[in-house]
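Hi,

Here is the structure I said I'd pass on to you. Have a look at it first, and then read my notes below.

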Amino acid sequence: MTPSLSFKKRGITLSGLSVELQGKRILDDVDLEIFPGEIIALLGPSGCGKTTMLRAIAGLQRPSAGEIVVGGQAMTDVAPYRRNVGMVFQSYALFPHMTVAENIVFGLKMHGVAPAERAVVLDAALTMLELSALRDAYPARLSGGQQQRVAIARSIATQPSVLLLDEPLSALDKKLKDDMRSELRTLLKKVGMTAIIVTHDQEEALAIADRVAVMNEGRIVQIGTGGDLYHNPNCRFVADFVGYMNYFEGSIRSGSDQRLELDIGDARLLKARSSAETPATGHVTVAIRPEAITPMPKSAPVDQDEFNIVPACLISEEFLGIVTYLRFQDGKGRDLLVIRSGQSRASPLRVGEHYDLAWPIDVTTLMPAEPQAA
Ligand SMILES: Nc1ncnc2c1ncn2[C@@H]1O[C@H](COP(=O)(O)OP(=O)(O)OP(=O)(O)O)[C@@H](O)[C@H]1O
Ligand SMILES: [Mg+2]
């Protein structure tokens with residue numbers, strides 16, 4: 001029988017969590033509920049507090065306010081090594097003078113686990129992460145991907161109920177990164193461990209996590225599945241962080257039960273479906289994903305009840321293999337990006353020509369207008 005590791009699924013609840021460092025609010029009143037066995041990605045720009053949040057959960061950083069509960073137990077007064085939380089640091093932090101096997105059992109030794117039991121856990125971890133052939137190798141001769149697997153094996157050897165991973169893939173090149181991210185998700189799901197993975201790569205976040213929390217300046221701005229964030233971002237910051245977006249600033253001119261008309265200047269009206277969150281009047285930002293837009297020849301008939309149309313001139317075309325980026329400019333000088341599948345060879349477009357950019361009213365997203373920069 002293959003030895004195996006066992007993990008208890010535990011949820012994490014953060015309530016009103018704040019961290020202050022040198023008088024500065026680094027984490028600002030964060031609430032977050034993570035279900036047992038769930039993988040959450042923290043996605044956000046450099047300096048927004050991602051590492052600080054992991055450090056607080058691991059007990060390496062004392063919060064200035066708020067509570068951390070893991071598996072129903074308040075962690076405030078629990079020492080880091082008693083929290084049953086594993087952490088994989090960005091740099092892997094392997095011990096260079098220890099072999100792969102010695103690195104993996106290090107935590108168990110520290111916990112006073114007997115040698116016979118350590119051997120069983122080691123075999124299980126080596127098998128699980130396909131490292132058996134490298135058990136006597138030193139970190140210096142391992143590839144980035146292998147070092148990452150050792151770092152994960154070491155952190156799960158103590159069978160933590162929660163695994164925290166701080167940019168675990170950032171040191172890898174693109175190809176290896178793409179392979180490792182699906183391996184990482186498969187592994188975490190196989191053992192059913194609750195995990196938080198920090199990244200500033202949106203693709204990585206969407207590929208690995210069940211839900212993604214987008215962070216900015218110490219706060220969680222929005223949390224949801226990749227689909228939620230992509231199709232219903234609650235502000236420009238989120239929309240821009242999970243892909244490209246085109247925007248028009250406009251004001252609501254008229255509204256019926258289901259449909260709004262938006263004045264975007266230049267004697268042009270756009271239509272959008274109204275929802276419970278849509279304001280009835282005032283300024284709004286209209287957002288459209290670039291792949292939702294189809295450039296049509298000027299004479300082509302378009303169903304004006306179902307589509308929005310903005311005439312624009314094709315400024316440049318960038319062929320990138322899988323997709324082609326088409327940059328347009330409308331009569332008011334607004335830049336619009338259209339992304340087409342690289343395989344669509346139908347009707348080549350010509351730079352310098354004018355087209356009607358059309359997109360379905362259904363995919364026209366409304367969000368609160370951005371405060372104007374002073
Ligand atoms: N010991 C410290 N003292 C004062 N400020 C700190 C300390 N550690 C971190 N900070 C500040 O806290 C903020 C958040 O840091 P943190 O490391 O959590 O960001 P991050 O989101 O992980 O960024 P990155 O993506 O660059 O790793 C930053 O502005 C940083 O300068
Ligand atoms: Mg960090």
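Let's start with a pair of helices. On the H2 side, the residues Val100, Asn103, Ile104 and Leu108 touch Val150, Ala153, Arg154 and Ala157 on the H4 side. Sorted by class, that contact of H2 with H4 has six nonpolar residues, one polar and one charged. Before you go further, keep in mind that this is a predicted model.

How do you describe two helices that pack together? You give the angle between their axes and the distance between the axes. For H2 (residues 100-110) and H4 (residues 144-157), the angle is about 25° and the axes are 7 Å apart. Angles under 35 degrees count as roughly parallel, so H2 is roughly parallel to H4. The crossing of H2 past H4 is right-handed.

H4 has another partner, H5 (residues 174-191): their axes cross at roughly 20° and come within 11 Å. That angle makes H4 and H5 roughly parallel to each other too. H4 passes H5 in a right-handed crossing. From H4, the contact uses Gly145, Gln148, Arg149 and Ile152, while H5 brings in Leu176, Met180, Glu183, Leu184 and Leu187. By class, you'll find five nonpolar, two polar and two charged residues in the contact of H4 with H5.

Now go back to H2 and look at how it packs with H3 (residues 115-128). Is H2 parallel or oblique to H3? Here the angle is about 130°, with the axes 10 Å apart. That makes H2 oblique to H3. The crossing of H2 and H3 is right-handed. On H2, the residues involved are Val100, Ala101, Ile104, Val105, Leu108 and Lys109, and they meet Arg118, Val121, Leu122, Ala125 and Leu126 on H3. This contact of H2 with H3 divides into nine nonpolar residues, no polar ones and two charged ones.

Last stop, the ligand. How many residues surround ligand 1? There are 14, and the closest are Ser46, Gly47, Lys50, Thr51 and Thr52.

- Serine 46: an N or O atom in its side chain is 2.5 Å from an oxygen atom of ligand 1.
- Lysine 50: a polar atom of its side chain lies 2.8 Å from an oxygen atom of ligand 1.
- Threonine 52: an N or O atom in its side chain is 2.5 Å from an oxygen atom of ligand 1.

Key
Residues are numbered from 1 along each chain as its sequence is written. Chains are lettered from A and ligands numbered from 1 in the order in which they are written. This is a predicted model: local features need pLDDT of at least 70, side-chain atom pairs count only at pLDDT 80 or more; totals for chains, interfaces and linings use all residues. Side-chain values use heavy atoms; hydrogens and water are left out. Axes are lines fitted to C-alpha atoms, for helices over the stretch in contact, and angles run from 0 to 180 degrees between N-to-C directions. Helices (H or I, at least four residues) and strands (E, at least two) are DSSP runs, numbered from the N terminus. Angles under 35 degrees count as roughly parallel, over 145 as roughly antiparallel, 65 to 115 as roughly perpendicular and the rest as oblique. A crossing is left-handed if the near helix is turned anticlockwise from the far one by less than a right angle, and right-handed if clockwise. Contact means heavy atoms within 4.5 Å. Ala, Val, Leu, Ile, Met, Phe, Trp, Tyr, Cys and Pro count as nonpolar, Asp, Glu, Lys and Arg as charged, and the others, Gly among them, as polar. A residue is near a molecule or strand if one of its heavy atoms lies within 4 Å of it. A polar contact is a pair of N or O atoms within 3.5 Å; within protein, one must be able to donate a hydrogen and the other to accept it, and residues adjacent in sequence count only if both atoms are side-chain atoms.
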